[in-house]
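This report goes through the fold, the surface and a handful of residues of one protein chain. The sequence and the structure come first, and the notes follow.

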Amino acid sequence: MIIDFTKPSTEERMFVIDMEEKELVLKTYVLHGRNSGDKYATSFSNKVNSYKSSLGFFLTDNTYYGKYGYALRIDGLEQGVNSNARDRAIVVHASKYADPLRISSFGKLGRSLGCPAVPPEVSKPLIDVIKEGSVMYIHADDSIYMAQSTVLNNHSDYKDVS
């Protein structure tokens, strides 16, 4: 799954891809954190109570029922970049503020406390497809993330075949 925060909240910017079948399974709207920006997500954090989105690579875990109904825990895989996802209670969940009908009234979607929240009608099918071990990548044109990413910058595991 990829979330592309280079796109505004008024566009579908979450993409679930079946890597085995090499096909797009689902695309939908997704919220960013209220302190990450307005229509565009431009500021990111790993800090508790920042109410910002985090970038980078995550791994989906188990589902549960909480404040927003059916939700999915995710774990950040990059120390210092998104490793506080659990402590921040960053989860995939439904939000009425992710309803695309809000765009015509407000010119954008609402924002979350940092969670990648999605429209209620796609929440359960989305979560059921990606739960328990899917890789999620949240992208933005952010030079700080690009410099800090332990996944993007660690090539020691790859052999030079030249």
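## Fold and secondary structure

The chain contains 3 helices and 7 strands. The model is a predicted one. Read from the N terminus, the order of elements is β-β-β-β-β-β-α-α-β-α.

Several of these elements come up again below. Strand S1 covers residues 2-4 and strand S2 covers 14-18. Strand S3 (23-28) and strand S4 (56-66) have a loop between them, and Asn-49 is found there. Strand S7 is made of residues 135-139, and helix H3 of residues 143-148.

## Overall dimensions and packing

A compact globule of 162 residues would have a radius of gyration near 15 Å, and the chain agrees with this because its own value is 15 Å. The C-alpha trace spans about 55 × 35 × 30 Å along the principal axes of the chain.

Of the 162 residues, 44% count as buried. Among contacts in the chain with a separation of 6 or more, 58% are between residues 24 or more positions apart.

## Surface and charge

The chain has an accessible surface of about 8900 Å². Carbon and sulfur atoms account for 51% of that surface.

On the side chains there are 19 positive and 20 negative groups. The centres of the two sets are 9 Å apart.

With a relative accessibility of 58%, Asn-49 is exposed, because exposed means over 50%.

## Aromatic pairs

The structure has 3 aromatic pairs. In one of them, the ring centres of Phe-5 and Phe-44 are 6.2 Å apart and the planes meet at 15°, so the pair is stacked. Phe-5 sits in the loop between S1 and S2 and Phe-44 in the loop between S3 and S4, so the pair ties together parts 39 residues apart in sequence. Phe-5 counts as buried, at 3% relative accessibility.

Another pair is formed by Tyr-65 and Tyr-70: the ring centres lie 5.3 Å apart with the planes at 40°, so this pair is tilted. Are Tyr-65 and Tyr-70 buried or exposed? Tyr-65 is exposed, with a relative accessible area of 64%, whereas Tyr-70 is buried at 13% relative accessibility.

## Val-135 in strand S7

Val-135 lies in strand S7 and has a relative accessible area of 44%, so it is partly exposed. Which residues does Val-135 contact, leaving aside its neighbours within four places in sequence? They are Met-1, Phe-57, Phe-58 and Leu-59.

From Val-135 to Tyr-65 the C-alpha distance is 22 Å, and the two residues are 70 residues apart in sequence.

Residues up to four places away in sequence not being counted, Arg-111 touches Leu-31, His-32, Gly-33, Arg-34, Gly-37 and Asp-38.

Arg-111 and Val-135 are 24 residues apart in sequence, and their C-alpha atoms are 23 Å apart in space.

## Ile-144 in helix H3

Ile-144 belongs to helix H3. Its relative accessible area is 55%, so Ile-144 is exposed. Between the C-alpha atoms of Ile-144 and Ala-94 there are 29 Å, for a separation of 50 residues along the chain.

Note on methods: Residues numbered from 1 in each chain as written. Predicted model: local features only at pLDDT ≥ 70, side-chain atom pairs only at ≥ 80, totals over all residues. Heavy atoms only, no water. Helix = DSSP H or I, 4+ residues; strand = E, 2+ residues; numbered from the N terminus. Rg over C-alpha atoms; globule rule 2.2 N^0.38 Å. Buried < 20%, exposed > 50% of the residue type's maximum accessible area, 1.4 Å probe, protein only. Contact = heavy atoms within 4.5 Å. Areas by Shrake-Rupley, 256 points an atom, 1.4 Å probe, with all protein chains shown as cover. Lys, Arg positive; Asp, Glu negative; His and termini not counted. Charge placed at Lys NZ, Arg CZ, Asp CG, Glu CD. Phe/Tyr/Trp six-rings, centres within 6.5 Å; stacked < 30°, edge-to-face > 60°.
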